[in-house]
Protein chains: 2
Amino acid sequence: MSVNEQTAVNEPSDASRAARKKVKHGIIDCDVHPIPKSMDQIRQYLPKFWKERFRGGGRGLFYGNPSHGMRQDSLPPDGGPAGSDPGFMRKQLLEANNIKTAILIPRENSCQFPDLDYGNAIASAYNEWIADTWIGPDDNHDGIFKSSIVINHSDPASAAKEIDRWAGHKHFIQVTTDSGARFLMGHRNFHPIFEACSRHHLPLALHPGLDGIGINILPSPGNPSHYIEWHTCMSLSFQAHLVSLLTEGTFERFPDLRIVLVEGSSTWLVPLMWRLDMEYKALRHEIPWVKKMPSEYLRDHVRITSQPLERPNNDEDFMDMLRMMDAEHLLMFSSDYPHWDFDNPKSAFPKLPEKLYNRIFFENAEEFYGL
Amino acid sequence: MSVNEQTAVNEPSDASRAARKKVKHGIIDCDVHPIPKSMDQIRQYLPKFWKERFRGGGRGLFYGNPSHGMRQDSLPPDGGPAGSDPGFMRKQLLEANNIKTAILIPRENSCQFPDLDYGNAIASAYNEWIADTWIGPDDNHDGIFKSSIVINHSDPASAAKEIDRWAGHKHFIQVTTDSGARFLMGHRNFHPIFEACSRHHLPLALHPGLDGIGINILPSPGNPSHYIEWHTCMSLSFQAHLVSLLTEGTFERFPDLRIVLVEGSSTWLVPLMWRLDMEYKALRHEIPWVKKMPSEYLRDHVRITSQPLERPNNDEDFMDMLRMMDAEHLLMFSSDYPHWDFDNPKSAFPKLPEKLYNRIFFENAEEFYGL
């Protein structure tokens, strides 16, 4: 029975008269949400500069590319997003550029969720998809695609199980995860992952992503305001992770562990190792588990991929830097296809001496991955 | 009257008998604090490795030097901590090393407090102390000491007033603050400070400190575990601050603003500027307020001090790096006296050509500070 029905039946008291009067007075609801039918309703009011960048919803909260994130010619002619058609990728990337092996780094976004089981499920789903399609018999009869096992590093014990699950597959040749994390990579929290990688002789590839997103901490020592700032400073988290791995003594504890630094740029390695070696000379008593100069661990344990390649105007400076960073042993070519800042193997580098070209463009990777 | 006295006087009821029984049952207090008489009481139980590092209390929470933070020969013979006696500093640092001008950077620790007024008061107190002693007539009759105005950058409007207050003093020649902050330095939050510096033609010197302390955000994209890791990665926050200043268009908005990067190391400038210039070529439409290549702003607006100087084994590599970083125009010598990692002007650098020596050891600073 509603309040109105009740008052119609009984003679109203003074109190119920007052209540009835209140009921007739309209209610005020202090929290109601109007939703645009489409983001264009908002976009029409934005100044021109922002019109095409505005994405609405949760998207674009973190450092979306202001124009486009993909090579604009990389959309497969048979439909689907860039990088989604193995056949078209073979033509556009592999055949056109004489690439004999493509190491896939699925971009999975599984590490930023507070619900670790959700992240684990996403990582597993990506691996099953990769195993079924990209490196399955239909799309990979010649074994040209090798892939990385995706893990959710926010749950290291479960990540180790995911590695165990796929490690026997002949086309899964490394493990990958994102540089965005709650801990720097040398943190002992990650030991179950390092144990699993060591157990199966699989390198662990760090790739930028998820920095500052969800449960992860800031992408650099402060929040960048713009994409260019975030994109330039992606290299900072790679520097911090590498210093962490070296100073925590990770490679003494896990002598079979090998790390690949993917898409975090590369030439910062020179000043950083100068600096860390110098600090080690003065402060090695603080970290007695580190048995030799930090830079001496690199050849046995660390590789770095080339894209995005910083290239100054002066090629001689660049060649000097390649020598100083031991590119001959540490650097492995990468294109980042189909992303917008793709490095073309024909033009990304200045002309290299044949020996160095061979090291960077295939020998280092052949040796490192046992291809 | 206590409960016990009361029950002695009156015949007890059943209820009071029960209460009396309860009273006799001892109370349990679940939060009581035992305090060591001295930290030695704890220290005696620590393994040898930790015995001398343990400091107790709140100290050492963040990255204390594991042995000693000061040159051990820098304690003034007449007492007081290292760096506290202008007369002794004149002898040990200035006369012994032919230093004609010492630019003081008081280490103030005013920016990490949630209570902004407290931080402001500390900054002001430091400036009054400096004005009264180090650069006052008694200690500075020959004007050999120049100082920096200390500000609390966490309260930019008040910091600007503090700059206004001291800017007329002939021996205050720059403003200083810490790299640890809640915002990257190009953030518009800091505009009042930039306006004040510009108004008085005073450079703003960023010095490491307070990263991750109090209200400030993390020192690098993760919490370093050890001093060596933190100390190596101090350079990361300088890289992030410089990229922020350049991409926010700070030097277009404040054409008279000049920034000095102090003790954040230096050679990282080369790969970082290669990278930022390259990104600018692709992404400049995102930051149309930046009118030229980011690296082109450096000569007019940025200087970098030399200590701690990364020095590789190969002097030729180092000389190449000095050339690539435009040390001839950007680098200014600094010793960091009396800190443990003091760079001796006689030995920090390899032998430099005279012209470059003059630029780095005095000409750049003379021109920049108008000395």
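I take a residue as buried when its relative accessible area is under 20%. The model I consulted is a predicted one.

**Entry 1: the chain as a whole**

I looked up the share of buried residues and found that they make up 55% of the 371 residues in chain A. For secondary structure I noted 15 helices and seven strands in chain A.

I then turned to overall dimensions. The radius of gyration of chain A is 27 Å, whereas a compact globule of 371 residues would have one near 21 Å. Along the principal axes, I recorded a box of roughly 100 × 55 × 45 Å filled by the C-alpha atoms of chain A.

For the surface I noted an accessible area of about 17,700 Å² for chain A, with 52% of it belonging to carbon and sulfur atoms. Among contacts in chain A with a separation of 6 or more, 76% join residues 24 or more positions apart.

**Entry 2: D85(A)**

I next located D85(A), which sits in the loop between α4 (48-51) and α5 (86-95) of chain A.

Which side chain of opposite charge is nearest to D85(A)? I found K91(A), at 8.2 Å. A salt bridge requires the charged atoms to be within 4 Å. I therefore recorded D85(A) as buried and without a salt bridge.

I then checked what the side chain of D85(A) does reach. One of its polar atoms lies 2.8 Å from the backbone nitrogen of G87(A), and the D85(A) side chain also reaches the backbone nitrogen of F88(A) at 3.1 Å.

Leaving aside residues up to four places away in sequence, I listed P76(A), D78(A) and W134(A) as touched by D85(A).

Notes
Residues are numbered from 1 along each chain as its sequence is written. Chains are lettered from A and ligands numbered from 1 in the order in which they are written. This is a predicted model: local features need pLDDT of at least 70, side-chain atom pairs count only at pLDDT 80 or more; totals for chains, interfaces and linings use all residues. Side-chain values use heavy atoms; hydrogens and water are left out. Helices (H or I, at least four residues) and strands (E, at least two) are DSSP runs, numbered from the N terminus. Buried means under 20% relative accessible area, exposed over 50%, partly exposed in between (1.4 Å probe, protein chains only). Lys and Arg count as positive and Asp and Glu as negative; His and the chain ends are not counted. A polar contact is a pair of N or O atoms within 3.5 Å; within protein, one must be able to donate a hydrogen and the other to accept it, and residues adjacent in sequence count only if both atoms are side-chain atoms. Contact means heavy atoms within 4.5 Å. The radius of gyration is taken over C-alpha atoms; the globule rule is 2.2 Å times the number of residues to the power 0.38. Accessible areas come from the Shrake-Rupley method with a 1.4 Å probe; for residues, only the protein chains shown count as cover.
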